[in-house]
Amino acid sequence: MSSTQRKPSTANDGFFQTAPSIRNQFYDDVSFQRVMDLFLPKSVIESITPELANFGDEILSKRIFDWVTDAERNVPYVRGGGRDAFGRRTSELVVSEGWRKLQNFGIENGIVAIGYEQKYSESTRVVQMLKNHLWTGSNANVACPSAMTDGAAKLLKTHLFSTQLEPASRRVFQDAYDRLISRDPQKAWTSGQWMTERGGGSDVSGTETIATWAPSNDGFVSNLPLGPWRIDGFKWFSSATDSSMTVLLAQTPKGLSTFFAPIYRTLPNTSASPIEKESNGIFIQRLKNKFGTKSLPTAELELSNTRGYLIGKEGQGIQEISAILNITRIYSAISAVGYLGRGLAIAKSFARVREVGAGKGKRLMLKDSPLHMNTMAKIAGQYHSLNVFTFFGTWLLGISEQDQIPAHSEPPSSRARLQPDGPADIQLLLRVLFPVLKASVCKRSIHALQECMEALGGVGYLDNTENESINIARIYRDCCVLSIWEGTTDVLASDTLRVLSGRIGNDVLNALDRWISKALGNSFGPSPFASAKRDITTIWETLRDRLQKESHEKLLPSARDILFQISDIIMGVLLIVDSENDPNPAAMEVCFRFLGEHGLASSGALRNLEGGLKLNQQIVYGDCMEKPFASQSKL
């Protein structure tokens with residue numbers, strides 16, 4: 001058509017791009033479906049499908065995204081700058097209606113509670129985190145307090161089983177625990193976790209918060225005494241500031257210790273004191289102005305005569321709070337793959353409706369572009385590798401929380417191959433898996449999510465609050481924090497090396513050795529990955545020998561590389577087991593590409609599959625390329 005025949009566009013006339021519509025990720029997410037098949041028995045999948053499918057629809061509703069927009073637009077603030085009209089310190093935090101609604105929605109849907117209802121025994125944590133995965137892109141960061149709430153519940157539950165817990169603490173801990181795992185928003189509590197001070201983030205050796213034994217009847221919460229310890233100090237980076245309780249570190253005469261403290265104390269409702277509650281000596285100095293997670297209140301806090309209870313023994317604060325760190329690190333990894341999964345869903349939906357030039361006057365949809373689908377397939381493959389690793393760690397956590405290691409009554413399955421031989425090996429693996437998982441998954445998810453944002457072109461870079469469901473810029477900003485909080489990549493690399501070269505280092509390496517041998521050695525029938533398995537085993541043996549022979553000082557500069565190599569080996573093993581568990585050309589191609597890109601297999605071990613557009617489309621869209629919305633997607 002010549003330019004003289006064209007009608008000029010206006011603000012309201014001309015071409016308008018069809019808005020992409022995200023499909024229910026429970027069905028449409030290829031990797032999500034494979035993870036369920038890999039780690040859950042068929043009976044559990046059948047049981048959870050109606051609830052998760054319905055949840056997948058709900059979290060993409062206009063109501064949810066309106067709450068997200070409200071939480072992002074009306075960010076938290078401190079009323080009056082922390083003072084009343086007469087200058088008295090008040091420290092009243094105000095959060096948006098959207099934030100409160102999203103928190104209540106998560107509580108009602110059991111985002112934390114599922115993990116403690118134990119409806120699915122060793123599969124409980126996988127079921128819980130599948131729901132969290134779907135929830136991530138729609139929750140405006142309420143999963144942050146959920147993570148700390150879950151960690152606090154696990155810590156208190158451990159102590160409630162102890163016969164050494166004195167009666168007053170038991171009553172307080174039981175009341176708090178019941179609230180942390182409640183599905184009733186009127187009863188439920190969320191928890192903070194306050195470690196960071198001005199002297200350091202993960203390094204808490206210089207903690208300046210002091211706890212003093214000073215019994216007092218100064219206030220109550222839930223009709224229970226506030227606690228016999230007085231806590232004074234300053235916390236520099238405290239998220240979930242609107243919680244009802246916190247777990248924090250403070251120094252005592254015997255060393256760094258862990259404490260439970262309510263955020264508020266209740267006052268008698270008399271004419272002399274009409275206020276129903278006041279701060280338990282916790283005062284917001286200012287709220288942090290962050291690059292992302294804008295909806296999440298993060299504050300600098302002064303603690304002055306804050307009353308609380310000791311958790312565990314004095315001087316064992318690191319051991320106690322590590323129970324929370326393990327949970328929050330799993331949540332960080334789940335959030336990372338949840339954000340990436342949502343970003344990929346947005347990019348897939350855009351490719352379904354975006355038409356581009358193909359040269360010589362031809363047009364085609366992005367989903368039919370060989371170059372674009374090759375890029376998308378790379379993202380999808382990386383996402384799947386991160387997803388299987390994350391849910392492997394989640395699955396092991398769930399097994400470790402059972403009284404007995406489950407026996408597999410079903411026919412031989414991938415879970416039997418992947419399950420370590422006993423509880424001792426599970427604990428050893430988890431000790432190294434938590435830092436490796438959190439560091440590698442969070443770091444790589446950020447880069448892959450940026451690729452999803454780029455896949456939308458300029459519209460991906462916009463803060464699309466008017467189309468909140470495709471606002472990939474928001475979730476990218478929020479995802480970036482995941483490689484920082486709960487331990488930066490270098491901090492976690494140092495922790496990993498400290499474990500591997502420390503007192504239990506050989507035990508951990510031997511447990512990894514046994515697990516790799518079992519997972520790779522017990523395939524059913526001939527495997528196209530036979531040569532790749534030998535290559536991975538050789539690479540692992542070389543790394544293991546290096547870790548055993550070289551000193552900690554010599555290894556330290558390479559700690560990050562070592563962490564990522566361990567991560568790659570574990571993911572390579574998991575992808576092979578996944579492909580053998582449910583083989584099809586797309587799944588095998590994802591596995592072979594991963595092994596090749598990460599140097600885990602020689603060129604002779606890599607098959608040359610006939611790829612091209614169709615195979616890449618299957619990697620990205622599974623069986624849902626042109627199928628109805630509710631069809632399941634599978635590699």
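1. A word on terms before we start: two strands count as paired if DSSP finds at least two bridges between them. Helices (H or I, at least four residues) and strands (E, at least two) are DSSP runs, numbered from the N terminus. Please keep in mind that this is a predicted model, where local features need pLDDT of at least 70, side-chain atom pairs count only at pLDDT 80 or more, and totals for chains, interfaces and linings use all residues. Residues are numbered from 1 along each chain as its sequence is written, and side-chain values use heavy atoms, with hydrogens and water left out.

2. β7 runs antiparallel to β4 (residues 210-213), with four bridges joining them; here A211 stands opposite I231. β7 also pairs with β13 (residues 299-311), again in the antiparallel sense, over seven bridges, and K235 faces L301 there.

3. Next, have a look at helix α3 (residues 42-58).

4. Which residues of α3 are buried? They are V44, I45, I48, T49, L52, A53, F55 and G56, where buried means under 20% relative accessible area (1.4 Å probe, protein chains only). These residues pack against α1 (25-28), α2 (30-39), α5 (97-108) and α7 (124-135), with contact meaning heavy atoms within 4.5 Å.

5. Finally, Q617 sits in helix α22 (residues 612-621) and is buried, at a relative accessible area of 5%.

Key. Buried < 20%, exposed > 50% of the residue type's maximum accessible area, 1.4 Å probe, protein only.
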